[in-house]
Amino acid sequence: MAEMGSKGVTAGKIASNVQKKLTRAQEKVLQKLGKADETKDEQFEQCVQNFNKQLTEGTRLQKDLRTYLASVKAMHEASKKLSECLQEVYEPEWPGRDEANKIAENNDLLWMDYHQKLVDQALLTMDTYLGQFPDIKSRIAKRGRKLVDYDSARHHYESLQTAKKKDEAKIAKAEEELIKAQKVFEEMNVDLQEELPSLWNSRVGFYVNTFQSIAGLEENFHKEMSKLNQNLNDVLVSLEKQHGSNTFTVKAQPSDSAPEKGNKSPSPPPDGSPAATPEIRVNHEPEPASGASPGATIPKSPSQPAEASEVVGGAQEPGETAASEAASSSLPAVVVETFSATVNGAVEGSGGTGRLDLPPGFMFKVQAQHDYTATDTDELQLKAGDVVLVIPFQNPEEQDEGWLMGVKESDWNQHKELEKCRGVFPENFTERVQ
């Protein structure tokens, strides 16, 4: 019997709900057709518009915040892999290895802490803020249904009162239903009239707190990350200093546009420049023996370059001897005449002290007439106007046609280190000045 009673109550409730839906549908149709008036509340409608706008903005902010957190997570993973790479390539015997590993660990912890604080102080707050909207949205919809019930009860009551045949019992029942519907509607309406404006005004404080939290967390994160980066930079600078004596040259891989090593072909300078057709004089003919003084040495054959130590008059200064020894071991034939004249002129004009400020084996000076962009690590980068001190190749067989070895005068004056400053460059981009 209890089960039957339960089923009866359920069936009655379903029937009641169906009847309410039919009544509401009829009432809405009559209102749309203009055959029944509708209770309006413009102030409440404005509150509903603000609510929908606030919900849309909050949903978008939540979505963008989640995207931001996903980006932080991805950046954390990328930074972690980069740190792991440094740990792998950092050889055990290098100084600062332990410090570099510790910095990598702190870097990982800093990213994790930053992400977690963003979740706790921004995302969870955002979720709590949006969590109140579904309930209020449901109550707004229910208030709308109760308003239709109220209007329907009001219209039913008014129709019974204006009927030609009045049924007092029906009128009394309709009045009772109207009062009940009005009470339910007004209770919901009053609550929402208070909550919606308060919710709308709360958005300002919420946005301020959310973005202040994000900005503060990001600021602290970057401060701490900056310290770690500075520490890592100090470790690497220390490594560079301690391994400074063990320098090595990293050769760039030849590209399609750059000539391969051992087969250099200098790029042509702009058309019409004086350097486009370089003049190279080769002294193939020996000086006649009759023109030499008693102290002169015997000239060399055409296939053998004349040595810079051949001085007419027999006597050699100490500076001349050093220059001639350096030149005789590696001087190519194409610059013999120039080298001899330059060395002799420098010694004679300065009393044997002119070569003290010049690189060993110095032959002559040239000046860049055009910019030249180096395409390999052993080449000089030239700007128009740069002065280059030309020196011989250590191994004459390495010299390619049209290329010279030298060091920029500015680099030499500053560092006085030939190994770090010298390089090859195309002769046709320069013009001899001394």
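View 1. Two strands pair if DSSP finds at least two bridges between them.

A word on the ground rules: residues are numbered from 1 along each chain as its sequence is written, and side-chain values use heavy atoms, with hydrogens and water left out. Since this is a predicted model, local features need pLDDT of at least 70 and side-chain atom pairs count only at pLDDT 80 or more, while totals for chains, interfaces and linings use all residues.

**View 2. Strand β3, covered on both faces.** Zoom in on β3 and you'll find that 6 of its 6 residues are buried. Buried means under 20% relative accessible area, exposed means over 50%, and partly exposed is in between (1.4 Å probe, protein chains only). On one side of β3 are Trp403, Met405 and Val407, and on the other are Leu404, Gly406 and Lys408. β3 pairs with β2 in the antiparallel sense over 4 bridges. Within that pairing, Val388 has Lys408 of β3 as its bridge partner.

**View 3. Where β3 meets β4.** Strand β3 (residues 403-408) also pairs with β4, again in the antiparallel sense and over 4 bridges. Leu404 has Phe425 of β4 as its bridge partner, while Met405 stands opposite Val424 in β4. Look at how the β4 residues point: Gly423 and Phe425 go one way, Val424 and Pro426 go the other, and all are buried.

**View 4. Glu379, tucked into a loop.** Glu379 belongs to the loop between β1 (364-368) and β2 (387-391). With a relative accessible area of 8%, Glu379 is buried. The side chains of Glu379 and Tyr372 are joined by a polar contact of 2.8 Å. That term covers a pair of N or O atoms within 3.5 Å; within protein, one must be able to donate a hydrogen and the other to accept it, and residues adjacent in sequence count only if both atoms are side-chain atoms. The Glu379 side chain also reaches the backbone nitrogen of Thr375, at 2.9 Å.

**View 5. Glu431 on strand β5.** Glu431 is part of strand β5. Its relative accessibility is 34%, so Glu431 counts as partly exposed. Glu431 and Val388 are 43 residues apart in sequence, and their C-alpha atoms are 10.0 Å apart in space.

**View 6. Lys416 and its positive phi.** Between α8 (409-415) and α9 (418-421) there is a loop, and Lys416 is in it. Phi of Lys416 is near 55 degrees, which is a positive value in a residue other than glycine. At 41% relative accessibility, Lys416 is partly exposed.

**View 7. Helices α2 and α3, side by side.** Two packed helices are described by the angle between their axes and the distance between the axes. For helix α2 (residues 42-89) and helix α3 (residues 97-131), the angle is about 170 degrees and the axes are 10 Å apart. That makes α2 roughly antiparallel to α3. (Axes are lines fitted to C-alpha atoms, for helices over the stretch in contact, and angles run from 0 to 180 degrees between N-to-C directions; over 145 degrees counts as roughly antiparallel, under 35 as roughly parallel, 65 to 115 as roughly perpendicular and the rest as oblique.) The contact of α2 with α3 has 18 nonpolar, 11 polar and 6 charged residues. Ala, Val, Leu, Ile, Met, Phe, Trp, Tyr, Cys and Pro count as nonpolar, Asp, Glu, Lys and Arg as charged, and the others, Gly among them, as polar.

**View 8. Two residues on helix α3.** Asn107 lies in helix α3, and at 9% relative accessibility Asn107 is buried. Setting aside residues up to four places away in sequence, Asn107 touches Ser79, Ser83, Met225 and Leu228; contact means heavy atoms within 4.5 Å. Lys102 is in helix α3 too, but with a relative accessible area of 47% Lys102 is partly exposed. Lys102 and Leu228 are 126 residues apart along the chain, and their C-alpha atoms are separated by 9.8 Å.
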